[in-house]
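Hi,

Here's the structure I said I'd send over. Have a look at it first, and then read on for what turned up.

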Amino acid sequence: MHSSLNWTSRMISRALRSSFSTLLETATGVGGAAATKGSVKSGSGSAGEAAAGSQRPRFVSVVCGFAKDNLRHKYKPGKYGEDSWFKASTEKADVMGVADGVGGWRSYGIDPGEFSSFLMRTCERLVQCSHFNPQRPVNLLAYSYCELMEQKKPILGSSTACVLILNRETSTVHTANIGDSGFIVVRQGQVVHKSEEQQHYFNTPFQLSLPPPGHGPNVLSDSPESADTMSFPVRNGDVILIATDGVFDNVPEDLMLQVLSEVEGEQDPVKLQMTANSLALMARTLSLNSEFLSPFALSARRNNIQARGGKPDDITVVLATVAM
């Protein structure tokens with residue numbers, strides 16, 4: 001079974017790369033040297049800029065994803081179903097984040113995607129504010145959550161969230177993760193850093209919440225300060241994936257590592273986009289495979305719940321490499 005998954009991941013990756021390479025050449029009418037020239041331009045530009053960039057790291061980042069129910073959820077920028085994401089940059093920092101609205105609220109007539117979307121849009125805006133601290137991603141979550149709580153028209157629901165900041169002045173990444181979204185950092189074919197999943201109990205992650213009136217005592221609600229935080233230095237070429245649980249619940253870490261290792265040091269956003277597409281499609285395909293023993297199914301079995309197959313879910317992939 002595992003060898004079959006390895007073969008499937010390679011075939012998906014090759015097919016997507018072939019398709020996107022063809023589309024790129026068709027759209028631009030060029031290939032070869034022209035494409036190489038374009039990739040240099042999208043990176044650092046002039047030699048002087050490249051020299052400056054070598055001292056100030058940055059993210060080269062792309063996004064891909066799928067809504068669990070494509071008929072219900074029309075595409076909106078920054079959203080895949082009930083998942084939301086953002087990317088933002090300043091002179092001092094590059095920032096990425098994902099949030100996953102808790103789907104159970106839909107049975108109460110509440111759109112779970114509104115909560116996660118508000119959090120991420122507010123984080124994106126706050127990155128540009130004068131009080132933004134590139135060493136404190138938990139502050140972004142806390143201030144965004146406070147703004148949500150203060151809205152005249154309540155934005156009800158709950159969401160997990162993960163925010164990651166590259167402090168360009170210190171070449172250090174700072175992270176804050178609440179719940180079961182998360183990140184993974186790959187260097188030289190190895191996982192060197194990854195987030196820890198936060199669960200109250202099986203399939204019940206930590207979450208920021210604003211319940212309807214009268215439901216407060218029955219709803220789990222964690223504070224932004226309960227987020228798991230990490231800080232670590234990064235190197236040129238490091239690969240960083242930040243994603244919702246639709247990815248981590250369906251793609252085994254060893255397969256994820258194979259895919260991510262292929263783009264270590266890659267600064268061409270087109271090639272990164274093809275890899276992000278490949279990983280998102282792999283998660284989507286495995287989530288719909290009823291015979292696959294997914295990471296989610298294995299976790300269920302560890303909790304004495306007999307389960308098999310993938311876990312259909314919204315899927316969000318934000319993929320970046322560190323360029324110095």
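**Helix H4 and its surroundings**

H4 has 15 residues, and from its first C-alpha to its last it reaches 22 Å, close to the 21 Å expected at 1.5 Å a residue. (The expected span of a helix is 1.5 Å times one less than its number of residues; helices, H or I with at least four residues, and strands, E with at least two, are DSSP runs numbered from the N terminus.)

Before going further, the ground rules. This is a predicted model, where local features need pLDDT of at least 70 and side-chain atom pairs count only at pLDDT 80 or more, while totals for chains, interfaces and linings use all residues. Residues are numbered from 1 along each chain as its sequence is written, and side-chain values use heavy atoms, with hydrogens and water left out.

Back to H4. Eleven of its 15 residues are buried, so H4 is largely enclosed by the rest of the structure. (Buried means under 20% relative accessible area, exposed over 50%, and partly exposed in between, with a 1.4 Å probe and protein chains only.) The buried ones include Phe115, Phe118, Leu119, Met120 and Leu126. Among the elements covering them are S3, strand S4 (93-101), H5 and strand S5 (157-167).

Serine 84 is buried, with a relative accessible area of 1%. Its side chain makes a polar contact of 3.3 Å with the side chain of serine 116. (A polar contact is a pair of N or O atoms within 3.5 Å; within protein, one must be able to donate a hydrogen and the other to accept it, and residues adjacent in sequence count only if both atoms are side-chain atoms.) Leaving out residues up to four places away in sequence, serine 84 also touches others, including Gly113, Ser117 and Met120; contact here means heavy atoms within 4.5 Å.

**The whole chain**

The protein chain holds nine helices and 14 strands. Of its 324 residues, 50% are buried. Among contacts between residues at least 6 apart in sequence, 73% join residues at least 24 apart.

**Cavities**

How many cavities of 30 Å³ or more are there? The count comes to two. (On a 1 Å grid over the protein atoms alone, a cavity is a set of points where a 1.4 Å probe fits but cannot get out, and lining residues have an atom within 4 Å of a point. Grid points are joined across faces, edges and corners, and a volume is the space filled by probe spheres set on the points.)

The largest cavity has a volume of about 50 Å³. Its lining is made up of Leu126, His131, Phe132, Asn133, Arg136, Asn139, Leu140 and Tyr143. By class that gives four nonpolar, three polar and one charged residues. (Ala, Val, Leu, Ile, Met, Phe, Trp, Tyr, Cys and Pro count as nonpolar, Asp, Glu, Lys and Arg as charged, and the others, Gly among them, as polar.) Helix H5 (residues 137-149) gives the most to this lining, with three residues.

Histidine 131, one of the lining residues, sits in the loop between helix H4 (112-126) and H5. Is histidine 131 buried or partly exposed? It is partly exposed, at 46% relative accessible area. Not counting residues up to four places away in sequence, histidine 131 touches Leu126 and Tyr143.

The 19 residues of helix H8 (residues 269-287) should span 27 Å at 1.5 Å a residue, and the end C-alpha atoms are 27 Å apart, which agrees. Aspartate 268 caps the N-terminal end of H8, with a side-chain oxygen 2.9 Å from the backbone nitrogen of valine 270.

Lysine 311 lies in the loop between helix H9 (295-302) and strand S14 (315-323), and is buried at 15% relative accessible area. A 3.3 Å polar contact joins its side chain to that of aspartate 245. Lysine 311 also touches Asn203 and Ser287, among others.

Asparagine 203 has a positive phi, near 60°, and is partly exposed at 37% relative accessibility. Serine 171 has a positive phi too, near 55°, but counts as buried at 18%.

Cheers

Conventions
On a 1 Å grid over the protein atoms alone, a cavity is a set of points where a 1.4 Å probe fits but cannot get out, and a pocket is an open set with protein on both sides within 12 Å along at least five of seven lines; lining residues have an atom within 4 Å of a point.
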